[in-house]
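Walk through this model one element at a time. Keep the sequence beside the 3D view.

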Amino acid sequence: MKVKILRQVHPGSKPYWEGFIYDGPTDISVAGMLDHLNYNDDIINDKGKATGRIGWECSCLQGVCGACAMVINGVPSLACETFLKDQGKDEITIRPLRKFPVIHDLVVDRSAIHENLKKTDIYIGEWQQGQDRDLDHQYLAAKCLKCGLCLEVCPNYADGRNFYGAVFANDCYIVSARNEKKSESIKNSYGEHFAGGCSKSLACVDVCPMKIPTLASMAKLNKKM
Amino acid sequence: MNGVLVIGSGISGMSAAIRCAELGLRVTLVSPFPSERSQSVMAAGGINAVREGNGEGDTVSSHIEDTLKGGAYLAGEKEVRGLCEGSGAILEYLESVGTVFSVDENGKTAKRAFGGQSHRRTYYCGASTGKQIVSALIMEVRRFEAKGLIERRLWSCFYYALIADGTCHGALIFDEVSGKLEALYADAVIMATGGQNALFGKTTGSTQCDGYTQGKLFLQGVRLKNLEFIQYHPTTLETGQKRMLISEAARGEGGRLYYEDQGRRVYFMEEKYGNNGNLMTRDVVSREIFLAKKDVYLDVSFLGKEVIKKRIPEIMELCAKYRGIDITKEPIPVAPSVHFFMGGFAVDSFHETNIRNLFAVGECASIYHGANRLGGNSLLAAVYGGFTAAQEIAGRTGEYKHPGFDGYLDRENDLLAKKGKTASRFPVAYIRDMLAKTMQNDLGIVRDGQRLAGGIKDVDYLLETAEKIRYDSSVMPYFNYSLMGILTLARAVLTCADFRKESRGAHFRSDFPETRDGYAKPTIISYEGGKYLAGLEKEDGG
Ligand SMILES: Cc1cc2nc3c(=O)[nH]c(=O)nc-3n(C[C@H](O)[C@H](O)[C@H](O)COP(=O)(O)OP(=O)(O)OC[C@H]3O[C@@H](n4cnc5c(N)ncnc54)[C@H](O)[C@@H]3O)c2cc1C
Ligand code: FES
């Protein structure tokens, strides 16, 4: 199997494509494959030349931590639950998420997600049971991995300077649902950094590995506007 | 005031940081990646607590007794009492900061039964308790970040502690973005770096818990405790990338363990332990599977699709996704895997190590679980430990002055740079792989003196090799420099297992299968003059 990876040595350095030939087992995930390529004696590219080991991020290796988000054959996905056998072809192209600065190879800096939530004071404070008793919805929203896949596919999210994306909307929903008092005060941030900029492509809903019902979060928050 | 440095941002690290901030202390919260990536998010089952008016006759005393008994009476009664007495308030706290707990039909927080416990006291959040707690704590940390009391430092890894005259003054931190070491001074340092998975390669846990901090600090004079006690989970599924946990729920719903012998299914747990055999404690089931020396399967198919879909949907999804197994039709091939570490930093009841102002909390510390941990007690201990350490630090007064460590910084920066500047590409991953094989073979579920001695010899060889190699410069520097610490910890674990010539809790030796009175105390190991010295804990904790 041919593997093409968009690589970058350092944060500011020039990205470049490098090819590899993968001849390991095919019933594994892309995460397993990256491990396999890295674990060889010397890591050799498709030109037969020794090269540096491929940098990528992982932690849970079972789709619950969001570390391994990357773009695989054009689809933003979690590498640890994307399988070679489902790729439908004998070639696989991998690149880091485009909406975040690259640290090294497939490792990106997603701190903008947290910084935006911090800037806008998105925290519960003290739980106050309010009108929203939809615990299933709150539970699903709190499962957000902050992996960034929703931002990667969003046509409106650029670099997180003004529009903060679905990840922001869902955290706004949790806060408004779990602290009735605060739900008033976050309306403005929600309007400014989400509602005003969202064109409802809803690509974020399809790509979410946790299947968070972002549309329902939006509907509830919009009602308060 | 230099503030408090918390290393690790899982549930224990965040709990410590939050309580420090509540008490007005300034905190720097260090971890390579955000809290969403910590192992804490993987905890599924739940968190133990005894709340007043639980309506089921559960009491704090029975929680204490269950915990002590589960740990084969190696944990301190006083500490366990504190933990259990604090559990109700901790549950209320977690609820108050917005954790989405599951509720029963009356809208009350729901509980489930967990192995080894006399009452139902495990509160849970669907199938993702750890994740829901992490999400709530992240918001709470954010509240204090906004107030300027907590500062998160990402891309930062622990390098070593700044220790002089038995007192800790901060730590050297490696910044993966700048590629440089930096000294962070602090009035107190709290280690919250989780378990030791990297020693064993594939486990059920996170790749970020590697044991480096325990190994490195051990070399700096910090005592470690009970390292030989490692909990195996009996039913895990092998996949290309890790060992996936198949929760006890599968057996709780009626799942049966068997192996095949001459075309016949042998339900070995039921044959040996009766109808409830499949639900024996984790260590017993793990040992029996190991001793069967055959491929073991867990069958739930007879429960029928409806029941499986309703009661254990996560297990159905996991097996289908990672192995293409339809558990409504086929059995699940299972084997035990390393799952939890009872051992770690030796701490007193305030979570302080033998080095003044150096604390440890969560899974990296060894205090409440004795020789074996009860499911649901580690999340509780992570929060409780974090709170306890913070409270103690906030209560201390006095002028903190640190001696100059500047020379250290330059020296270590040079050393790191030299090790990295090389064309040689010796993959650290190779040595880690060899280590994992040694540990899996020689420090398995059933141990004996001969194998342990072999393991020690092998790890000594790896240590010698690692000392000489240069780093593969294309790998994240932390992955490289952490190797020595990881190997050191492995050597200490083997030494403790060799020292304890009895069987107790999760430590089983075929050459000493009985529990012996002479060993009814925790193991303490220290590093002195290049030697690994293991012994039983003395009255003063030393
Ligand atoms: C699959 C699974 C299921 C579980 N289920 C349950 C359950 O149901 N109930 C229960 O009570 N327990 C459960 N546990 C155990 C429980 O999850 C852990 O004991 C607990 O989460 C540990 O929390 P912690 O804060 O100590 O560490 P972790 O959450 O592991 O956090 C460690 C932190 O330290 C950081 N770190 C590591 N090394 C360094 C370094 N060198 N420098 C800087 N930072 C570093 C990491 O990045 C991370 O932020 C389970 C464990 C697993 C694996
Ligand atoms: S490694 Fe955690 S989601 Fe892939």
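Which residue in β5(A) does A:V71 stand opposite? A:V71 faces A:R95. This is a predicted model, in which local features need pLDDT of at least 70, side-chain atom pairs count only at pLDDT 80 or more, and totals for chains, interfaces and linings use all residues. Residues are numbered from 1 along each chain as its sequence is written, chains are lettered from A and ligands numbered from 1 in the order in which they are written, and side-chain values use heavy atoms, with hydrogens and water left out.

Stay with strand β5 of chain A, residues 91-95. Helices (H or I, at least four residues) and strands (E, at least two) are DSSP runs, numbered from the N terminus. Side chains alternate along β5(A). A:I92 and A:I94 point to one face and are buried. Buried means under 20% relative accessible area, exposed over 50%, and partly exposed in between (1.4 Å probe, protein chains only).

Strands of a sheet pair through backbone hydrogen bonds, either parallel or antiparallel. Here, two strands pair if DSSP finds at least two bridges between them. Strand β1 of chain A (residues 2-7) pairs with β5(A) in the parallel sense, over four bridges. Strand β3 of chain A (residues 69-72) runs antiparallel to β5(A), joined by two bridges.

Next comes helix α1 of chain A, residues 30-38. Seven of its nine residues are buried. They are A:V30, A:A31, A:G32, A:M33, A:L34, A:L37 and A:N38. Their cover includes β1, β2 (16-21), β3 and β5 of chain A.

Now zoom out. Chain A has eight helices and seven strands. Its C-alpha trace spans about 60 × 35 × 30 Å along the principal axes. Of its 225 residues, 58% are buried. Contact means heavy atoms within 4.5 Å. Among contacts in chain A between residues at least 6 apart in sequence, 64% join residues at least 24 apart.

Turn to chain B. An open sheet of five strands has the order β6-β2-β1-β10-β19, with parallel pairing. β6 (150-153) and β19 (358-360) of chain B each have a single partner strand, so one side of each is left without a neighbour in the sheet. Neighbouring strands are turned by 20 degrees against each other on average, direction ignored. Axes are lines fitted to C-alpha atoms, for helices over the stretch in contact, and angles run from 0 to 180 degrees between N-to-C directions. Inside the sheet, four bridges join β1 (residues 4-7) to β2 (residues 27-30) of chain B, which run parallel. B:I7 has B:V30 as its bridge partner in β2(B). Helix α4 of chain B (residues 129-146) packs on the sheet, touching β2 and β6 of chain B. The direction of α4 makes about 115 degrees with that of β6(B).

What lies in the interior? A nonpolar core is a set of buried Ala, Val, Leu, Ile, Met, Phe, Trp, Tyr and Cys residues joined through side-chain atoms within 4.5 Å. The largest such core has 130 residues, and B:I190 and B:M191 have the most contacts inside it. Helix α15 of chain B (residues 477-499) gives the most to this core, with twelve residues. Leaving aside neighbours within four places in sequence, the contacts of B:I190 include B:V4, B:I7, B:C20, B:F359 and B:I393. Apart from this core lies another, of 70 residues, among them A:M1, A:M70, A:L97 and A:Y123.

Finish with the rings. Rings of Phe, Tyr and Trp (its six-membered ring) pair if their centres lie within 6.5 Å; planes under 30 degrees apart count as stacked, over 60 as edge-to-face and the rest as tilted. The count comes to 26 aromatic pairs over all chains. B:F200 and B:F341 form a tilted pair, 6.2 Å centre to centre with 40 degrees between the planes. The two are 141 residues apart: B:F200 is in the loop between β10 (188-191) and α5 (212-219) of chain B, and B:F341 is in strand β17 (residues 332-341) of chain B. B:F200 is buried at 1% relative accessibility.
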